[in-house]
Amino acid sequence: MPPTDLCVESAGIGEPAVVLVHAGIADRHQWDREFTRFATTNRVVRYDVRGFGASPDPARDYYDHDDLLGVMDDAGIERAVLVGSSNGGRIVLDTAVTAPDRVAAMVLAGSALPGITLADDVRADLDAEGEALDAGGIDRALAINLRWFVDGVGRSADDVDADVRSRVTAWLRELLPRQAAQARAADSGAQLVEPLVRDRLGDVDIPTLVLVGSHDAPGFDRIARHLADHLPRARLVEVAGAAHLINLEQPARFAALVDDVLAAHRV
């Protein structure tokens with residue numbers, strides 16, 4: 001595998017190594033707190049997924065899990081605990097299916113899972129987001145993302161920590177125009193693993209912690225239950241007081257849960 005061209009940061013020492021994979025509405029800075037904390041006991045790597053943050057846009061069709069494995073190869077990491085949020089969870093699962101020997105354990109926080117759909121009203125709004133981006137309506141697309149992925153279910157904007165909302169808003173104001181430009185180019189993009197990971201979970205014999213926020217958008221709870229029911233070594237935890245980005249809203253709880261996973265695999 002050739003050296004990766006992605007933006008990668010590494011810190012700390014100690015096994016197991018930890019690789020942090022951000023959500024599709026964020027970049028590597030989603031993990032600012034965790035990157036520092038986990039580096040006190042473990043080797044920690046975070047990176048910007050292709051098309052996000054300081055990583056380049058795709059120049060051809062590609063697989064996100066190939067990029068993740070390339071990041072590990074460049075860092076000299078043979079095996080790691082993979083921590084993924086939302087789309088990052090999907091990337092972690094793709095990696096576990098295609099290269100299980102490289103994955104010591106998984107933490108899947110609000111994970112996406114192709115083939116398991118979100119609720120109708122969420123999907124309708126996300127379709128509207130795409131239409132808004134096509135028309136240059138960045139503010140409309142921003143509002144849709146904040147509604148479902150930051151405010152979540154049963155809360156208003158006033159119920160969410162202002163710093164969390166501000167950070168995600170800044171990420172999205174940079175990301176959404178870039179995504180719109182990528183969609184207009186439409187000549188390359190991330191490819192899904194086939195057969196779908198959804199149908200291969202029973203073969204993934206890897207310790208897995210599945211997390212879902214109590215206020216997450218409808219459908220992510222269904223994904224979390226499906227993962228917990230079909231991954232042979234999965235444990236499901238609902239995190240109170242969080243919507244989609246669990247680590248931002250409940251950092252102490254999130255870190256404690258991940259610490260338990262790391263402790264179980266510490267060398």
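I count Ala, Val, Leu, Ile, Met, Phe, Trp, Tyr, Cys and Pro as nonpolar, Asp, Glu, Lys and Arg as charged, and the others, Gly among them, as polar. I am working on a predicted model, where local features need pLDDT of at least 70, side-chain atom pairs count only at pLDDT 80 or more, and totals for chains, interfaces and linings use all residues. Residues are numbered from 1 along each chain as its sequence is written, and side-chain values use heavy atoms, with hydrogens and water left out.

**Entry 1: the largest pocket**

I started with the open space. A pocket here is an open set of points, on a 1 Å grid over the protein atoms alone, with protein on both sides within 12 Å along at least five of seven lines; a lining residue has an atom within 4 Å of a point. Grid points are joined across faces, edges and corners, and a volume is the space filled by probe spheres set on the points. The largest pocket has a volume of about 1,300 Å³. It is lined by 44 residues, and G24, F52, N87, E129 and Q179 are the closest to its centre. By class, I read 23 nonpolar, 13 polar and eight charged residues in this lining.

Next I looked up the helices around the pocket. Helices (H or I, at least four residues) and strands (E, at least two) are DSSP runs, numbered from the N terminus. At least two lining residues come from each of α3 (87-98), α4 (120-134), α5 (138-151), α6 (162-185) and α7 (220-230). Which helix gives the largest share of the lining? It is α6, with six residues.

**Entry 2: the cavities**

A cavity is a set of grid points where a 1.4 Å probe fits but cannot get out. The whole structure has two cavities of 30 Å³ or more.

- The largest cavity has a volume of about 70 Å³. Its lining is A26, D27, F52, G53, W171, E174, L175 and R178. I sort these into four nonpolar, one polar and three charged residues.
- The second largest cavity holds about 30 Å³. R90, D94, P114, L192, V193, L196 and V197 line it. Five are nonpolar, none is polar and two are charged.

**Entry 3: helix α5**

I checked the length of α5.

Then I checked burial (buried is under 20% relative accessible area, exposed over 50%, partly exposed in between, with a 1.4 Å probe and protein chains only). In α5, 10 of the 14 residues are buried, so the helix is largely enclosed by the rest of the structure. Among them are I138, L142, W148 and F149. The buried residues of α5 pack against α4, α6, α7 and α8 (246-249). Just after α5, G152 takes a positive phi of about 75 degrees.

**Entry 4: strand β4**

Six of the six residues of β4 (residues 80-85) are buried, so this strand too is largely enclosed by the rest of the structure. A80, L82 and G84 lie on one side, V81, V83 and S85 on the other.

Two strands pair if DSSP finds at least two bridges between them. β4 pairs with β2 (residues 17-21) in the parallel sense over five bridges. There, V21 has G84 as its bridge partner. β4 also pairs with β5 (residues 103-109), again in the parallel sense, over six bridges. There, V81 has A105 as its bridge partner.

**Entry 5: single residues**

S86 sits in the loop between β4 and α3. S86 is not a glycine, yet its phi is positive, at about 55 degrees. With a relative accessible area of 10%, S86 is buried.

S111 is in the loop between β5 and α4. Is S111 buried or exposed? At 4% relative accessibility, S111 counts as buried. Contact means heavy atoms within 4.5 Å. Leaving aside neighbours within four places in sequence, S111 is in contact with S86, G89, R90, L93, F220, I223 and L227.

The bond from E15 to P16 is cis, with omega near 0 degrees. P16 lies in the loop between β1 (8-11) and β2. The bond from E194 to P195 is cis, with omega near -10 degrees. P195 lies in the loop between α6 and β6 (208-213).
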